[in-house]
Amino acid sequence: MAVTLICPNLKCRTILQVPDGARGKRVRCAKCGKTFLVPGAAPAKKGTQPAEAGK
Ligand SMILES: [Zn+2]
C-alpha cells in the first residue's frame with residue numbers, strides 16, 4: 001500500500017507516491033529534488049491506554 005503525498009515545494013506540488021515503509025523517513029521529490037519527511041502512520045484506534053489498562 002503506497003502513501004500519496006504532495007511535494008511541499010510550492011513551485012512544484014508534484015503528487016508523489018511512496019511505499020508504506022517510507023513513513024517517518026525522508027524521501028526526495030523526483031521532480032524538484034527537494035527532500036522532506038513522510039508523515040508517520042495514523043494513530044491507531046485503540047480504546048485501551050497502557051497507563052489505564054486494567055484500572
Ligand atoms: Zn517537488
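1. The loop between β1 and β2 is the place to start, and R13 sits in it. The model is predicted, and in it R13 has a positive phi of about 55°, although this residue is not a glycine. R13 counts as exposed because it has 12 C-beta neighbours inside 10 Å, and a residue is exposed at 12 or fewer.

2. Strand β1 covers residues 2-6, strand β2 covers residues 15-19, and the two pair in the antiparallel sense over 5 bridges. Which residue of β2 is the bridge partner of I6? The partner is I15. A2, in turn, stands opposite P19 in β2. When you look at these strands, keep in mind that side chains in a regular strand alternate between the two faces of the sheet.

3. Buried residues make up 2% of the 55 residues in the protein. The secondary structure comes to 0 helices and 4 strands, and the pattern read along the sequence is β-β-β-β. Of the contacts in the protein with a separation of 6 or more, 15% are between residues 24 or more positions apart.

4. The next loop, between β2 and β3 (26-28), holds A22. Is A22 exposed, partly exposed or buried? A22 counts as partly exposed because it has 16 C-beta neighbours inside 10 Å, and this number lies between the limit of 12 or fewer for exposed and that of 20 or more for buried. Leaving aside neighbours within four places in sequence, A22 is in contact with V3, V27 and V38. A22 and P39 are 17 residues apart along the chain, and their C-alpha atoms are separated by 8.9 Å.

5. K25 is also placed in the loop between β2 and β3. With 11 C-beta neighbours inside 10 Å, K25 counts as exposed. Its C-alpha atom is separated by 5.6 Å from that of L37, a residue 12 places away along the chain.

6. Where does L37 lie? Its place is in strand β4, residues 35-37. L37 counts as exposed because it has 12 C-beta neighbours inside 10 Å. Besides the K25 distance of 5.6 Å, there is one to G24: L37 and G24 are 13 residues apart in sequence and 6.4 Å apart in space, C-alpha to C-alpha. To follow this in the model, find L37 in β4 and then look across to K25 in the loop between β2 and β3.

Definitions and conventions:
Residues are numbered from 1 along each chain as its sequence is written. This is a predicted model: local features need pLDDT of at least 70, side-chain atom pairs count only at pLDDT 80 or more; totals for chains, interfaces and linings use all residues. Two strands pair if DSSP finds at least two bridges between them. Two residues are in contact if their C-beta atoms, placed from the backbone, lie within 7 Å.
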